[in-house]
Structure formats: C-alpha cells, structure tokens
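Hello,

Here is the structure I said I would pass on. My notes on a helix packing and on a strand with its partners follow below it.

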Amino acid sequence: MSEFEAPTGAPPQRPASPDRTARTRWLRLAALLVLLVVAAVTVVRVVSVTGPPSRDQLRERAGLTGKQELLVGVKDDQPGVSQLLENGAFAGFDIEIAYMIAEDLGFDAPRVRFLPIESEDRARRQARTPDGRYVTVDLVIASYSITDDRRRQGVVFSAPYLQTEQSVVTRADSDLRPTTFNDLAGRKVCTLATSTAERNLTAAGAKAHGRNRISQCIQELYDGKIDAVTTDAAILAGFVAPPPVEQAPPVNKLTNPKPLRHFDIGADGDELWGVNTGPDRAMRDLVNLSLEEARTGRNGKRWRAAFDRYLGYAQQYNDEQQVAVDRQPPPGPADKVEVRQWPWERFAWRHPNQPRTGLSPAVTRVRARRSSGC
Amino acid sequence: MLLLVQYVSPLGLLSALLIALVWAVPLVVLVPVVLGRLLQVSAPERFDPERSLLAYAAARTPGWVLVVTGALATLTWQLRFLPGLVMLLVWLIALHIRSRYPDRPRLLLATGLIVPVVVAAVGYACLAPAIRSALGHGELATALLLALPPAGALVLTGPVPARMAPAVTRVVIYAVGALMPLLTGAVFLRVPLLPAVAVEVGQPDTQEVVLGEAVTVTDRMTIVLSRSGEVRFLPNDDVRAQVLCPDADRVPSSRVNVAGWPVEDTALEWLMPRRPVGAPDPRCGGLVPLPLPSATPSAGP
C-alpha cells in the first residue's frame with residue numbers, strides 16, 4: 001500500500017505515473033475507511049459486551065445470596081449411596097457429592113441440611129422435614145437417573161455425576177441365577193416405584209411390583225416374599241457389601257438379613273445419575289460448574305475420594321457386577337457452562353483455601369454431627 | 001445521588017475519574033496529530049494551522065509530548081488495544097517522515113514500507129496463538145482487535161486523494177469526538193466509587209448480613225447502599241462487624257492471553273506482583289456466621 005512519490009515541492013527521483021499514484025491513494029482511502037469502520041464497531045462491542053456472568057452473579061440470580069441454608073433431598077435407606085445413620089448423620093456417595101456441590105455454591109457443611117425424599121417426590125423436589133411438613137428442597141441428589149421421559153415431565157437435570165447400570169440381586173441360597181431380564185419371567189421381582197427398571201421387568205414378563213423404598217424390597221427378599229430385586233447396581237451393591245466398620249448403624253435396620261448375590265443381567269443402556277436442580281437455570285449452571293470442576297481436577301480429587309470410599313469399597317463384595325464406572329461421566333453439550341473467572345482460577349491450581357484432596361475421617365465426623373437435618 | 005454527593009468527597013470523585021479515564025488522554029492527543037499529518041501530506045494547501053484544529057495539533061504538538069503520550073498509552077491501555085496503538089504510532093512515524101523529509105526516498109521507503117511490514121510480521125508472529133485462541137472461544141471482537149492492526153499498519157503510510165483528505169479527516173475526528181463521551185461514560189459509570197461491604201447487624205447475635213456499598217459512617221449510623229438500591233441506615237450499636245468484599249464486575253470477561261498476559265490487563269496491571277486471592281468471606285454471600293460451639297463447662301470440684 002506504500003507509495004513513494006515525492007510530496008509537493010520535492011522533485012521525485014523515480015516519479016510514479018499519475019494514474020498509479022491516484023489509484024494507490026484511492027485504494028489507501030478505501031482500506032482506511034474499512035479499517036476505521038471495523039475498528040469502531042469492534043471497540044463499541046468490546047466496551048458494551050460484558051461477557052458471561054461471573055460465579056457471584058450466578059449465585060445472585062439463583063437466589064443463593066443471603067440464603068442461610070441449602071436444603072438437599074436425599075435417600076435415607078441406601079447403604080453406600082445415601083443412608084441415615086443412628087448418630088443422625090447421612091453417609092454415602094450421594095452425600096459426598098452433595099457436600100462438594102454445596103461448598104462450591106458457597107455453603108459449608110454445617111449449612112447443608114439433608115432431608116429424606118421418596119422416589120415419587122424427586123421430580124417435584126418435595127421432601128419431608130422431621131416435624132412432618134413437606135418442603136421444596138433446593139437440590140435433589142437421590143440416585144436419580146437422567147431420562148428423556150423425566151425431562152419431558154419438566155425435571156431439570158444437571159450434568160451426570162455417576163454412570164452405572166441396572167442389575168439384579170437374589171438371595172445367595174436361591175436357585176435363581178439371572179443373566180438377562182428374560183430369566184426373571186414369571187418371578188416375583190421388586191423394584192423402586194417410578195424407576196427405570198419397572199418398565200424393563202414388565203416387558204420381560206416378570207411379576208413386577210414397585211415399592212417406594214428399596215429397603216422395603218430388600219426386606220421382602222430377606223423374608224422370602226420375592227425372588228429378586230432389581231434397580232441400579234450402585235444402589236444394590238451397598239446391600240450386598242457389609243457396612244464399613246467405622247460407620248454407625250443405620251436408622252432403618254432390616255430384620256433377618258441373609259447373604260445376597262449380585263448379578264449382571266446385561267441390561268442395555270447406562271443409568272446416568274443427575275441432580276434435579278429445579279427450574280432455575282442459574283442454579284443448574286452452578287451445579288454443572290461444580291461437577292465440571294470436579295471432573296477436570298480443579299476441585300482436587302473429591303469425586304474420586306467419594307467413589308473410592310463408598311462404591312470402590314463395595315466393589316470387592318460384588319464380584320459379578322460392576323458397581324459403577326470409576327470415572328465421572330462427561331457433560332453433554334447443553335451442560336457446558338461459561339463463567340467469567342480470574343486468570344488464575346482457570347488453571348487446575350490448588351486453591352490456597354482448599355488444601356484437601358480427599359475427605360479425612362475427622363472432617364467427615366464433624367460434618368456428620370452438624371448436618372443431621374434432624 | 002444526593003446522598004453520594006453529600007458523602008463522597010470531590011477529591012475522591014475526581015481521583016476516580018482521572019484514574020478511570022487516564023487511557024483516554026493518549027487517544028485525544030495521538031488521533032488529531034495523525035489526522036493532521038495525513039491532511040498535511042495529502043492536501044498541503046489545506047494544511048493551515050491558523051484555521052484547522054487538526055493542522056494546529058500536528059504542527060504545534062512537540063515530539064516529546066507524543067513520546068510521553070505513547071509511553072502513557074503503553075502502560076495504561078489493555079493488551080488487546082496495544083496492537084492498535086502500535087498501528088497508530090507506525091502511521092504517525094511514516095506520515096511525519098513523509099512530511100518532514102520528502103526528499104529522502106530511502107528514509108521514506110524504510111518508514112513507509114519496511115517498518116510497517118516488519119511490525120506486521122512481528123505482530124502476527126506474537127499474536128497468532130492469541131488470535132486462534134480468541135476465535136476458538138468465540139471472542140470475535142478480541143480476535144479483530146488483535147488481527148486487524150498489524151495489517152492496518154501497512155494502510156496509512158502515505159497520502160489519500162487530495163480532494164477527499166479534508167473531508168475524511170474531519171469526518172473521522174467528528175466520529176471519534178462523538179464516540180469518546182460514550183466510551184468514557186460507559187467506562188466511568190462502571191467504576192466502583194464506594195467499597196463493596198458486608199455488614200453484620202444484630203444484637204446480641206448477628207441477625208442479618210447487609211450487602212451493599214458503604215456510603216459513610218457517622219457517629220450514630222453506618223449508611224449502606226444495599227444491592228437492591230435501598231439506602232440502609234444501620235445504628236452503630238447494632239453493627240457487629242464489617243468486611244470488604246470483592247467486586248464481581250472486575251472479573252475479566254475474556255479468556256485470551258498473549259504469552260500469559262491476559263488481554264484485558266494493562267501493562268501496569270501485568271507488571272504488578274499479584275497472587276491468587278483467597279476465597280471471599282462467606283459473609284459476602286450474605287451468610288450469617290454460625291454461632292461458635294459453646295465451651296463445655298468444667299466440672300466442679
């Protein structure tokens with residue numbers, strides 16, 4: 001674009017032709033105008049666009065600013081997943097995931113209140129308080145499988161946090177050795193009401209009946225009233241494995257327990273567990289952000305510590321069935337969240353105020369004592 | 001607004017204004033000089049410092065002012081605008097040499113072609129990863145700010161058509177003059193004048209945490225402009241504690257950086273020693289502190 005004709009008053013050494021000079025000047029003018037217009041539009045856009053929201057802005061939009069307590073609906077009768085203990089604490093994989101998410105939402109352990117929730121109430125997020133009232137919880141983290149049917153009914157799920165599959169348990173002394181759903185044809189099989197397993201049983205010709213609590217199914221199995229129980233492997237594995245030695249006894253004790261055996265029935269499809277975050281998009285984004293940071297390592301190894309402590313422990317007693325995939329499932333395209341962050345927050349550096357990488361028993365003990373929810 | 005006028009000191013307001021808008025000074029100085037030089041080399045007969053403001057700016061602005069202005073811009077402009085600054089300076093040098101030394105073709109060749117080409121090559125070599133990153137993150141504006149100026153440095157190293165030069169320079173300076181108040185206003189309105197605070201209120205225990213901006217503290221009251229826009233007058237006897245909170249608006253919106261230098265940081269910010277800040281106080285999220293567990297009374301004799 002340069003042009004080296006001498007300006008007025010100076011004789012050029014190599015004079016350019018007038019046509020070429022004029023053409024160069026017009027080209028330069030056109031380029032200048034294009035450049036200025038693009039630059040002006042760009043600068044105005046840079047100044048006016050503020051980018052995605054920050055984490056604090058998301059908290060504000062989700063109504064968490066000023067909120068003193070986070071209510072989480074959880075199961076209370078699923079050993080290894082979520083179980084209410086005699087000391088008033090909840091323990092299990094779902095509970096650790098709930099603590100992890102709550103901490104990222106700005107609620108430390110004493111501010112998290114767990115409320116037992118029934119399977120049928122998970123979609124509406126209705127949990128019962130110790131004094132008998134029903135309240136709407138902020139999050140439902142209750143071994144809740146993500147399905148299209150539930151989404152169509154209006155349930156808003158986060159990204160998945162666990163990948164497992166359906167399986168079957170029978171009594172160890174039973175002659176039933178199922179390898180497919182069809183082997184359960186004509187048998188009395190119990191599962192959770194409104195669960196994804198109920199349809200499969202009906203399709204296989206089993207005498208299916210649903211219970212609101214999986215512990216009721218297991219009790220019926222102990223009592224010989226049914227032949228098998230089917231639901232997600234991660235749930236059943238906790239009944240097959242003995243409780244950890246250091247763990248307090250559960251509130252809901254089953255009577256007349258018998259040894260159980262866990263079978264892989266080759267069910268199609270995965271069971272992906274997600275958090276019901278309610279209709280608030282900001283809340284869903286915050287939960288997805290927490291799960292993504294757990295997956296990519298910014299939150300240390302909290303997901304891994306929870307998995308090893310509960311599901312990894314149960315695996316050794318469930319030889320024939322994989323309890324769950326030992327990696328956090330990746331989020332779907334709709335679950336990706338962009339937030340404004342400081343540059344140092346984008347790297348997987350350990351935060352100065354978050355030195356832990358796992359859960360120490362002492363921390364768990366303190367949490368348990370303060371968050372009984374009772 | 002009246003409350004702010006009453007309690008915020010004029011000196012503080014002026015300081016905030018100057019600090020927030022110091023970046024505008026180089027723009028106000030450099031753009032008229034560049035346009036004045038363009039007018040001088042394109043239509044010398046219209047270059048009359050007595051009648052034209054642009055000509056006056058080009059003719060009367062001393063060189064050292066331009067150097068100081070360039071240095072000020074280098075320190076106070078965000079990285080994403082620095083390629084634009086380099087482009088302006090390349091134009092300025094080329095036009096200045098062309099008007100000052102029209103009979104030295106080698107110098108003209110150096111400043112009009114070689115320097116811009118070298119600057120463009122170096123610019124693209126340094127900025128290419130950042131441009132790719134900006135496109136990858138969908139930040140088209142950032143990508144344009146980084147990608148356009150190196151090529152743009154080649155554009156304005158000589159004259160434009162003589163009959164168009166006065167009109168073009170006038171239109172451009174009018175456009176810049178019209179945009180400047182909007183840009184400076186948009187920037188200045190986002191400048192936090194008051195510190196963001198969380199105030200614990202209640203006696204004997206904290207009943208509420210008021211979030212907002214501290215207007216002032218008198219001998220009887222703590223006055224807080226809450227986030228909802230309401231002005232709260234809190235009796236000092238009820239105020240148990242007060243903490244400063246981070247300002248969410250300051251979190252950068254771009255994820256692009258050039259060799260570790262975030263594009264929204266100025267050179268001054270980049271040079272400042274910084275380290276990751278700790279987690280903000282839970283009270284900044286409106287959380288009322290939990291009562292400490294009471295000490296177990298010791299057993300009596």
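For the helix angle below, axes are lines fitted to C-alpha atoms over the stretch in contact, and angles run from 0 to 180 degrees between N-to-C directions. Please keep in mind that this is a predicted model.

Helix packing in chain A

Helix 3 (residues 93–104) of chain A packs against helix 8 (residues 281–296) of chain A at an angle of about 115°, and their axes are 9 Å apart. Angles of 65 to 115 degrees count as roughly perpendicular, and helix 3 of chain A and helix 8 of chain A are therefore roughly perpendicular to each other. The crossing of helix 3 of chain A past helix 8 of chain A is right-handed. On the side of helix 3 of chain A, the contact is made by Met100(A), Ile101(A) and Asp104(A); helix 8 of chain A contributes Val287(A), Leu289(A), Ser290(A), Glu293(A) and Ala294(A). Of the residues in this contact, five are nonpolar, one is polar and two are charged.

Strand 1 in chain B

Strand 1 (residues 196–201) of chain B is mostly covered, with five of its six residues buried. Strand 1 of chain B runs antiparallel to strand 2 (residues 208–217) of chain B, and six bridges join them. Val201(B) has Glu208(B) as its bridge partner in strand 2 of chain B. The two strands form a hairpin with six residues between them, and Gly202(B) in the turn has a positive phi of about 135°.

Strand 1 of chain B is also joined by five bridges to strand 5 (residues 239–244) of chain B, again antiparallel. There, Val199(B) has Gln242(B) of strand 5 of chain B as its bridge partner.

Regards

Conventions
Residues are numbered from 1 along each chain as its sequence is written. Chains are lettered from A and ligands numbered from 1 in the order in which they are written. This is a predicted model: local features need pLDDT of at least 70, side-chain atom pairs count only at pLDDT 80 or more; totals for chains, interfaces and linings use all residues. Helices (H or I, at least four residues) and strands (E, at least two) are DSSP runs, numbered from the N terminus. Angles under 35 degrees count as roughly parallel, over 145 as roughly antiparallel, 65 to 115 as roughly perpendicular and the rest as oblique. A crossing is left-handed if the near helix is turned anticlockwise from the far one by less than a right angle, and right-handed if clockwise. Two residues are in contact if their C-beta atoms, placed from the backbone, lie within 7 Å. Ala, Val, Leu, Ile, Met, Phe, Trp, Tyr, Cys and Pro count as nonpolar, Asp, Glu, Lys and Arg as charged, and the others, Gly among them, as polar. A residue is buried if 20 or more other C-beta atoms lie within 10 Å of its own, exposed if 12 or fewer, and partly exposed in between; C-beta atoms are placed from the backbone. Two strands pair if DSSP finds at least two bridges between them.
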